[in-house]
Amino acid sequence: MRRRQFIELTAACLLPSTALAKWDVSAIAARPDLLYVDERFPQAQREAASWAPSPARIAVCGDVTPFWSRELARRVGEAPAYIRGVTVASFLFCFRTLAAEHADLVIATSRLDRNLIAWSLASTPKPEGQRTPWLNHYHRA
Amino acid sequence: MAEPLPPGLTAERMSDALARFRKIVGKDWVFVDDRVASYHDPYTVPNDAGLHRAHAAVAPASSEEVQALVKVANELHVPLWTVSRGKNFAYGGAAPVLSGSVVLDLSRLNRILEVNEKFGYALVEPGVSYFDLYQYIKDRGLKLWIDVPDPGWGSVVGNALDHGVGYTPYGDHFGMQCGMEVVLANGEVVRTGMGALPGNNTWQLFKYGFGPYVDGLFSQSNFGIVTKMGIWLMSEPAGYRPYLITFPREEDIEQVVEIVRPLRLNNVLQNAATIRSLVLDAALFTTKSQYYPGKGPIPDSVAKQIMADQEIGMWNFCGALYGPPAITDVLWSTTRDAFASIPGVKFYFPEDRKRRPDILIHRADTMRGIPKLTEFGFLNWNGGGGHVGFSPVSPITGQDAIRQWRMVSGRVREHGFDYMGLMAVGFRELHHVTVIVYDQNDPAERQKLDELFRLMVREAAAEGYGEYRTHIHYMDTIAGTYGWNDNALMKMHQRIKDALDPNGILSPGKSGIWPRHLREAKKA
């Protein structure tokens with residue numbers, strides 16, 4: 001399948017236009033803090049292997065739930081983060097929907113084939129008064 | 001694309017309303033222009049991009065702010081589309097029926113006001129998600145379980161109000177609600193049931209109070225804004241044993257459901273168990289192209305391969321036993337014996353399942369009230385990601401089950417989709433929920449989906465089957481099928497609407513209920 005590339009300034013993030021200027025989207029492709037790879041698909045592994053290495057490459061199987069509670073909620077809520085992935089679409093949809101409650105997001109996506117999306121996500125925590133308290137539960141856990 | 005205005009409202013008046021909204025909630029909590037995008041339906045069905053688009057959104061943080069907003073909206077005739085958390089994605093998300101509405105986003109009303117372990121209930125605001133409530137209980141080590149629908153990020157209040165279902169013995173969510181606080185369209189606050197008695201200590205214990213029971217008026221409706229709700233919680237049982245029973249043929253559904261009915265009526269089946277189709281279960285963990293490169297529904301040979309690989313059947317009955325072993329052992333032997341007569345049936349407990357991920361291991365969490373997002377996996381089946389639920393209700397009989405399955409699966413497959421359905425076993429009824437997964441980026445596929453959906457609604461209604469819940473795009477259509485005695489029920493809804501909300505500002509079009517001025521405009 002022909003590779004289709006596009007940059008998406010996420011619609012789910014309630015991102016103030018002033019925040020957009022802080023991000024250089026091309027920089028997202030640099031060394032990510034976390035890299036999620038759906039290892040059910042050889043194409044995902046090949047794609048991830050072609051990227052800059054990450055200190056944390058994590059194998060996933062479609063579902064974001066365990067990774068959100070284990071790691072991602074804290075990452076996007078506490079400090080700016082660069083996170084990349086080669087996953088099925090639902091992983092990214094669920095992640096960005098969860099993350100958008102806690103952080104401003106800039107997302108770049110590229111569909112690789114019918115199953116997989118390669119994505120890069122830059123997040124900046126929202127100011128304290130603009131979050132839901134849900135994340136705090138995870139901080140305590 | 002400029003965000004639309006509602007019918008009859010000028011840009012100046014809307015601008016005035018938004019300015020006054022900002023004074024009430026603060027400028028950060030009124031969303032316009034590009035910040036409204038998060039209130040659009042991410043899985044939009046119609047090809048007309050002008051439908052179901054909010055003009056703006058406002059997010060209050062308290063009941064008092066809701067009251068103040070409603071008063072302004074009433075004065076200026078601004079329609080407010082209320083959402084609790086706006087995560088009801090198979091049914092439209094946060095998007096309004098009426099374009100130009102201002103979304104009243106209650107997600108900041110997110111306080112867990114009380115969790116009572118002794119009596120087994122919680123009192124929560126509409127912004128509280130299942131994740132929130134679960135974590136709250138876990139953090140405090142309370143011996144309580146919540147009941148969750150498939151997506152754990154939804155609102156406890158919103159799901160109950162929309163008649164959502166879960167999978168523990170407390171799976172009928174609206175049935176488990178007890179006591180509400182409601183802001184009416186005129187800004188007045190009402191407490192229902194025992195909550196109307198000053199100084200009471202039974203608001204979350206006894207539903208009915210004195211006089212007419214009105215809580216149902218605020219479910220799937222637009223008669224008021226629920227800002228607090230009690231929900232009963234299950235005491236942690238002395239034992240828990242989930243199980244999976246698989247059946248090899250699609251036609252087995254008739255016999256399965258005949259067996260289910262007496263088990264359910266006698267409480268041998270304790271929970272809201274589900275009978276799930278092959279592709280629905282397989283799609284959580286695999287994709288179509290991993291098995292079948294062709295277009296259209298998968299052929300039988302591929303279905304058999306998936307069954308073998310995933311150790312599942314054409315139908316998969318996920319249930320659970322709750323209580324001490326002395327009780328659950330008896331319930332299990334009764335259940336197993338009842339199903340044993342079906343040729344090819346297989347029985348599994350979690351320890352029998354070696355594959356990971358696995359459907360029983362996943363459902364075992366859900367049936368004990370652990371919130372997750374795993375079910376979104378089925379969106380990947382065909383790559384396109386859009387989905388809509390078609391959800392007719394039937395009696396728990398084999399005859400009804402197989403008739404519904406033939407009607408729906410036949411039409412779904414004729415239109416080129418795979419059948420992905422489940423039958424959830426209620427106290428006396430089956431919810432037959434079919435998710436249709438379509439390519440949301442393909443206008444032709446969306447058009448095909450729309451035609452299919454409307455056809456299925458007509459055919460189901462002709463057989464006496466009605467939907468219990470629907471996407472915002474089909475609310476008028478479904479409401480139109482409940483037309484007994486010259487639409488007497490809808491006429492009553494309209495009279496209530498006109499009495500409680502004479503300016504028609506609350507969620508116009510919800511469940512097909514339109515305020516007087518918009519009904520008259522439609523006729524003209």
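**View 1. Strand 3 and strand 4 of chain B, joined in parallel.** In this predicted model, four bridges join strand 3 of chain B to strand 4 (residues 102-105) of chain B, and the two run parallel; strands (E, at least two residues) and helices (H or I, at least four residues) are DSSP runs numbered from the N terminus, and two strands pair if DSSP finds at least two bridges between them. Opposite Trp81(B) stands Val103(B) of strand 4 of chain B. Both strands belong to an open sheet of four strands in chain B, ordered 1-2-4-3 with mixed pairing, whose edge strands, strand 1 (30-31) and strand 3 (80-83), each pair on one side only.

**View 2. The side of chain B that touches chain A.** Here 27 residues of chain B are in contact with 24 residues of chain A, where contact means that the C-beta atoms, placed from the backbone, lie within 7 Å. Helix 3 (residues 130-140) of chain B gives the largest share of this side, five residues.

**View 3. Helix 5 and helix 10 of chain B.** The axes of helix 5 (residues 252-265) and helix 10 (residues 398-414) of chain B come within 7 Å and cross at roughly 145°, the axes being lines fitted to C-alpha atoms over the stretch in contact, with angles from 0 to 180 degrees between N-to-C directions. Among the residues making the contact are Ile253(B) and Val257(B) of helix 5 and Ala401(B) and Trp405(B) of helix 10.

**Notes.** Residues are numbered from 1 along each chain as its sequence is written, while chains are lettered from A and ligands numbered from 1 in the order in which they are written. Because the model is predicted, local features need pLDDT of at least 70 and side-chain atom pairs count only at pLDDT 80 or more, whereas totals for chains, interfaces and linings use all residues.

How values were computed
Contact = placed C-beta atoms within 7 Å.
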